[in-house]
Protein chains: 2
Amino acid sequence: MPLPIFQFEEYMTMKAKQVNRALDEAVPLQLPVKVHEAMRYSLLAGGKQLVEGDESSAMPIACALEMIHTMSLIHDDLPCMDNDDLRRGKPTNHIVFGEDTAILAGDALLTLAFEHVAAKTFNVSPDLVLQAIAELGSAVGSKGLVAGQIVDIDSEGKNVSLAELEYIHVHKTAKLLEASVVCGAIMGGGNMIDIERVRNYARCIGLLFQVVDDILDVTKSSTELGKTAGKDLVSDKATYPKLMGIDNAKKLATELVAQAIEELAYFDDARAAPLYHLANYIASRQN
Amino acid sequence: MPLPIFQFEEYMTMKAKQVNRALDEAVPLQLPVKVHEAMRYSLLAGGKQLVEGDESSAMPIACALEMIHTMSLIHDDLPCMDNDDLRRGKPTNHIVFGEDTAILAGDALLTLAFEHVAAKTFNVSPDLVLQAIAELGSAVGSKGLVAGQIVDIDSEGKNVSLAELEYIHVHKTAKLLEASVVCGAIMGGGNMIDIERVRNYARCIGLLFQVVDDILDVTKSSTELGKTAGKDLVSDKATYPKLMGIDNAKKLATELVAQAIEELAYFDDARAAPLYHLANYIASRQN
């Protein structure tokens with residue numbers, strides 16, 4: 001039986017705290033102090049990625065995803081990229097530590113992600129850990145996050161088609177989520193067909209996340225969102241509501257949840273429950 | 001019997017060509033074109049790292065070291081770091097492709113290094129591949145290359161002590177060389193004691209490389225070097241001859257070769273020969 005939704009939120013909060021503790025231990029404040037300060041500043045600030053599975057086997061991957069996500073935010077915020085001074089209300093990494101240290105802190109976090117999984121994953125067969133490392137790599141590299149960011153930068157100030165918008169979101173947002181879910185399945189010893197189903201599921205909810213985000217931006221007030229509403233309109237950003245209209249965007253969201261849940265039909269209830277909840281949670285979030 | 005030195009040079013040239021071919025295949029020109037062009041531009045331009053061992057087992061690590069080395073050069077050349085416009089007579093990556101693409105190309109190369117080793121190493125037990133990945137990571141991250149670069153940047157315009165100079169070189173130059181030799185030993189199934197001996201050897205020749213470089217800069221003409229001589233003096237860079245005098249620097253070089261070769265005494269001749277030659281090659285190079 002799926003857990004009621006409020007329990008799922010509590011469960012996620014608990015997991016996120018565990019990941020934060022593990023990250024705190026994985027990046028202690030050591031010499032050289034400056035780069036480790038910069039790494040910790042951004043790494044321990046954010047919301048946390050989650051990976052399903054036994055703690056000793058899944059925690060290093062959960063930490064690695066968080067290190068990678070943090071690296072991508074630090075580098076994306078740089079003056080030569082998106083030039084952001086604030087993230088989650090705090091000054092961005094390069095504002096606090098300087099551009100040189102911010103770049104190096106990102107490089108160190110990206111490196112540590114792979115090193116951490118290779119050195120700290122226990123109770124999983126080494127060939128599955130290698131598979132998970134390759135999966136992580138493909139999510140981040142020139143066909144993953146980096147591909148999304150480069151196309152995003154290139155599309156600035158141009159008219160973006162729906163296909164391009166999807167390409168950017170699939171790569172910038174959905175790839176890490178996909179890696180998180182797929183790595184969980186790999187470490188759990190899933191077969192190839194299961195892993196492909198989980199991958200399809202993850203692609204749907206990755207896109208869903210962005211569609212819902214775009215819809216909330218135009219349908220909610222700043223108070224409801226807890227952040228400035230309508231800023232996509234102000235910045236003339238390409239969004240789903242803008243490119244396809246709000247009604248079609250809502251229809252797309254509904255279709256994506258349905259598709260995602262369809263992929264779960266092949267798994268037993270106990271295994272599918274957290275993924276089922278995650279899809280509904282993303283679809284129904286109000287801020 | 002060790003090979004005569006001229007054969008060793010031919011052997012290195014042949015190996016470097018093999019690595020270059022493997023890199024060409026590992027990073028094909030694919031979509032998104034811009035980031036792959038930027039990756040290939042710097043990756044295929046440089047001199048090549050070598051890793052001893054059977055080709056199918058050692059080549060992915062050799063490629064990974066080259067990807068990592070290239071990433072570190074691309075990021076170090078950025079305006080906010082060393083601000084270099086030229087590298088090996090060619091415009092640096094950010095001059096050709098822009099800072100944003102250069103940062104992303106570096107990120108993609110760093111990522112691919114780990115993914116490539118995880119996905120493409122055959123004929124080696126997976127637990128040894130994981131060990132090699134962890135070794136690579138520790139050579140690059142906040143206690144490796146990144147540590148060297150951050151201390152180097154921080155020491156700019158300050159008086160650098162001999163201990164700081166050594167810290168910078170051990171991390172910026174010697175760590176990758178160490179990883180290269182140690183990964184070779186890991187993949188070859190070396191035991192812990194062998195690996196520590198190889199690590200000590202690599203540390204000595206890594207430092208040796210820099211000491212010899214510094215000596216050549218003040219003792220050779222530009223024609224002999226094939227690059228501008230005396231530029232360390234002009235830029236007032238901290239070097240071994242500057243901090244300890246030319247005679248002591250030469251004495252240090254002799255001691256480092258002797259120490260390096262001492263570590264090899266425990267290995268059989270066939271295995272030690274390439275490492276023995278490498279030490280002598282670095283010690284006796286004239287440009």
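**Interface, polar side.** I looked for polar contacts across the interface of chain B and chain A and got 8 residue pairs, both residues at pLDDT 80 or more. A polar contact here is a pair of N or O atoms within 3.5 Å; within protein, one must be able to donate a hydrogen and the other to accept it, and residues adjacent in sequence count only if both atoms are side-chain atoms. By class, the chain B side that touches chain A has 27 nonpolar, 10 polar and 8 charged residues. I counted Ala, Val, Leu, Ile, Met, Phe, Trp, Tyr, Cys and Pro as nonpolar, Asp, Glu, Lys and Arg as charged, and the others, Gly among them, as polar. On that side, α5(B) gives the most, with 13 residues. Helices are DSSP runs (H or I, at least four residues), numbered from the N terminus.

**Ground rules.** This is a predicted model: local features need pLDDT of at least 70, side-chain atom pairs count only at pLDDT 80 or more, and totals for chains, interfaces and linings use all residues. Residues are numbered from 1 along each chain as its sequence is written, chains are lettered from A and ligands numbered from 1 in the order written, and side-chain values use heavy atoms, with hydrogens and water left out.

**Interface, area.** Contact means heavy atoms within 4.5 Å. By that rule, 45 residues of chain B touch 45 residues of chain A. The buried area is about 3700 Å², with 76% from carbon and sulfur atoms. That is the accessible area (1.4 Å probe) that the two parts lose on being put together, summed over both. In chain B, Leu104(B), Leu130(B) and Ile150(B) lose the most area to chain A, together 16% of what that side buries.

**Interface, charges.** I find 2 salt bridges between chain B and chain A. The rule is a side-chain nitrogen of Lys or Arg within 4 Å of a carboxyl oxygen of Asp or Glu. Asp154(B) forms a salt bridge with Lys34(A), with the closest N and O atoms 3.8 Å apart.

**Helix α7(A).** How many of its 10 residues are buried? I get 7, in a helix that runs over residues 145–154. Buried is under 20% relative accessible area, exposed over 50%, partly exposed in between (1.4 Å probe, protein chains only). The cover includes α3, α6 and α8 of chain A together with α2 and α5 of chain B.

**His116(B).** I placed His116(B) in helix α5 of chain B. It counts as buried because its relative accessibility is 12%. Beyond four places in sequence, its contacts are Ala26(B), Pro60(B), Cys63(B), Met67(B) and Thr121(B).

**Salt bridges, whole structure.** Arg40(A) pairs with Asp24(A), the closest N and O atoms being 2.9 Å apart. Arg40(A) lies in α2 and Asp24(A) in α1 of chain A, so the pair ties together parts 16 residues apart in sequence. Asp76(A) pairs with Lys172(A) at 3.8 Å. That pair links α3 and α8 of chain A, 96 residues apart. Arg203(A) pairs with Glu178(A) at 3.2 Å. Glu178(A) counts as buried because its relative accessible area is 2%. Shared partners join Glu135(A), Glu178(A), Glu196(A), Arg199(A) and Arg203(A) into one salt-bridge network.

How values were computed. Helix = DSSP H or I, 4+ residues; strand = E, 2+ residues; numbered from the N terminus.
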